[in-house]
Amino acid sequence: LKLASVFVAATVLAACSSTQEETAPPVTTTQSSTIAPGSAEDFRVNVGDTVLFDTDQHSVRSDAQAILQKQAAWLKQYPQAKLMLEGHADERGTREYNLALGERRAASTKKYLAGLGIASSRISTISYGKEAPACFEANEECRVLNRRARFVSFTEVPTS
C-alpha cells in the first residue's frame with residue numbers, strides 16, 4: 001500500500017510539472033502588414049466587402065448589420081473613399097426580376113449606410129442580377145453566396 005501511495009504521488013507530481021509547461025503563454029510574433037490603410041484590400045480584408053440576403057428579400061439581415069456598421073466606421077475614418085456597390089441574386093427567377101432584386105439589395109445596403117452617417121454620394125450602385133454569380137453550383141450553399149451586395153471598386157484614399 002505504501003509503495004502504491006508513493007507511485008501515485010510521483011505520478012501526480014509528474015503530471016503537475018507537465019501541465020505547467022503546457023499552460024505557458026504562447027510566444028507571439030509580430031508580422032508586418034503589407035496592406036495599405038484606406039485601400040480596397042484594407043476594406044476587403046479588415047472590414048468585409050460583402051453582405052448576404054435571404055431568398056427574394058432585400059431587407060438588411062441582422063448579421064449584415066454588423067458588417068455594415070464596420071464598413072461605416074471605416075468609411076468615416078477614410079472620408080475621401082468612394083465605392084461602387086454591386087447587387088446580385090441567385091439563378092432562380094427571370095433576368096428582369098433578378099436585376100430589379102439586385103438593385104433593391106444594393107439600394108437597401110446604401111440606405112443602411114446612409115442611416116449610419118455615410119453620404120450617399122460616396123456610394124454608386126449597379127445590379128448584375130443573376131449574371132455574375134460568386135458560385136456556379138445549383139444548390140442552396142451556392143445560392144446563399146450569390147444573394148449578396150458587394151463593394152467592388154474604390155476611389156482610394158491618397159497616401160501622403
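Student: Which residue in β3 stands opposite Glu 86?
Tutor: Ile 126 of β3 stands opposite Glu 86. Strands here are DSSP runs of E with at least two residues, helices are runs of H or I with at least four, and both are numbered from the N terminus. This is a predicted model, in which local features need pLDDT of at least 70 and side-chain atom pairs count only at pLDDT 80 or more, while totals for chains, interfaces and linings use all residues. Residues are numbered from 1 along each chain as its sequence is written, and side-chain values use heavy atoms, with hydrogens and water left out.

Student: How many bridges join β2 to β3?
Tutor: Six, and the two strands run parallel, with β2 covering residues 82-88. Two strands count as paired if DSSP finds at least two bridges between them.

Student: And what order do the strands of the sheet have?
Tutor: The order is β1-β4-β2-β3, in an open sheet of four strands with mixed pairing. From one strand to the next the twist averages 20°.

Student: Which strands does α3 lie across?
Tutor: Helix α3, residues 62-77, lies across β1, β2 and β4 (148-155), at about 155° to β1. Axes are lines fitted to C-alpha atoms, for helices over the stretch in contact, and angles run from 0 to 180 degrees between N-to-C directions. Helix α4 (residues 95-115) also packs on the sheet, touching β1, β2, β3 and β4, and makes about 155° with the direction of β3. Contact means heavy atoms within 4.5 Å.

Student: New topic. Where is Asp 56 found?
Tutor: In the loop between β1 and α3. Phi of Asp 56 is near 55°, a positive value in a residue other than glycine.

Student: Why does Asp 56 count as partly exposed?
Tutor: Because its relative accessibility is 45%; buried means under 20% relative accessible area, exposed over 50%, and partly exposed in between (1.4 Å probe, protein chains only).

Student: What does the side chain of Arg 61 make a polar contact with?
Tutor: The side chain of Asp 63, at 2.7 Å. A polar contact is a pair of N or O atoms within 3.5 Å; within protein, one must be able to donate a hydrogen and the other to accept it, and residues adjacent in sequence count only if both atoms are side-chain atoms. Arg 61 is also in the loop between β1 and α3. Leaving aside residues up to four places away in sequence, Arg 61 touches Leu 52, Phe 53 and Asp 54.

Student: Which cysteines does a disulfide join?
Tutor: Cys 135 and Cys 142, with S to S at 1.5 Å. The rule is a pair of cysteine sulfur atoms within 2.5 Å, and the count comes to one disulfide. The link of Cys 135 and Cys 142 is left-handed, with -65° about the S-S bond.

Student: Is Cys 142 buried or exposed?
Tutor: Cys 142 is buried, with a relative accessible area of 2%.
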